[in-house]
Amino acid sequence: MKEFYEKCVRNLVYGGISKRQYQEIKGDILEENRRSLSTASMCLLLMFFVLFLGSLFSEMMAPNRIAYGVVDMCFLGIWLACQGVKGKGKGFIIPLWYMALTLMCAYAVVLNTVIRKDVTATTFCLIIIVAPMLFTDQPWRIFVYFLIVTAIFIPIDFQQKTYYLAYCDMVNVLCCVFIGSVIHIRIIRTKCREMLQRRQIEKERDTDKLTGCMTKAAFEKKSLYILS
């Protein structure tokens with residue numbers, strides 16, 4: 001029973017590795033999340049900017065013009081924050097990621113319940129499946145986050161849509177939450193092991209085998225990093 005508990009903790013909290021190993025690569029995880037959030041926010045910034053421009057010339061898109069503009073400005077702010085985060089400030093990357101997710105989920109909820117009442121919630125389901133692939137975090141947190149978002153989405157969906165469509169959405173979304181969580185566990189486990197392996201290779205490269213001390217090249221590189 002104890003072994004099963006420890007295995008669950010490793011997989012749900014530390015991505016299949018030990019707590020010590022997770023702490024060792026935590027900086028690498030935050031930096032990777034910063035780069036991925038910067039790329040994702042830039043792509044979404046451009047996408048919503050194009051949608052905003054389209055709403056100026058299309059009557060069908062015009063009702064969503066304000067939403068496009070607001071979401072676009074929010075992603076601009078997130079992208080600028082990613083560029084300014086350095087050193088210890090990287091600890092804000094995970095909250096920034098959840099802000100970006102909340103923004104995307106809020107847009108999907110409004111789109112799939114208030115605006116488009118006659119179709120299933122494809123956009124919302126897509127975000128739940130794809131989002132775990134974009135960043136690395138403790139699996140239990142992403143699972144709890146999407147459970148909360150789903151608990152908000154389902155009552156609104158039943159209020160805005162016919163019972164049949166809302167019921168289909170509920171089943172699809174719950175399935176997507178489960179699938180997305182499994183995907184996240186698999187991806188974070190792979191990423192963490194790759195980071196550990198890369199860290200070990202770098203450690204062997206930067207350590208003199210005879211003396212056990214840091215090599216000259218590694219010392220100069222670390223000194224430049226500290227000074228910068």
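For handedness I call a crossing left-handed if the near helix is turned anticlockwise from the far one by less than a right angle, and right-handed if clockwise. The model is predicted, so I note that local features need pLDDT of at least 70 and side-chain atom pairs pLDDT 80 or more, while totals for chains, interfaces and linings use all residues. Residues are numbered from 1 along each chain as its sequence is written, and side-chain values use heavy atoms, without hydrogens and water.

Entry on H5 and H7. I took helices as DSSP runs (H or I, at least four residues), numbered from the N terminus, with axes fitted to C-alpha atoms over the stretch in contact and angles from 0 to 180 degrees between N-to-C directions. H5 (residues 93–115) packs on H7 (residues 139–160) at about 20°, their axes lying 10 Å apart. That makes H5 roughly parallel to H7 (angles under 35 degrees). The crossing of the two, H5 and H7, is right-handed.

Entry on H6 and H7. H6 (residues 122–134) meets H7 at an angle of about 175°, with the axes 12 Å apart, and this makes H6 roughly antiparallel to H7 (over 145 degrees). Phe124, Ile127, Ile128, Ala131 and Pro132 of H6 make the contact (heavy atoms within 4.5 Å) with Phe146, Val149, Thr150 and Phe153 of H7.

Entry on cysteines. I searched the whole structure for disulfides (cysteine sulfur atoms within 2.5 Å) and found 0. Cysteine 43 is partly exposed at 48% relative accessible area, whereas cysteine 192, at 0%, is buried (buried is under 20%, exposed over 50%, partly exposed in between, with a 1.4 Å probe and protein chains only).

Technical notes. Angles under 35 degrees count as roughly parallel, over 145 as roughly antiparallel, 65 to 115 as roughly perpendicular and the rest as oblique.
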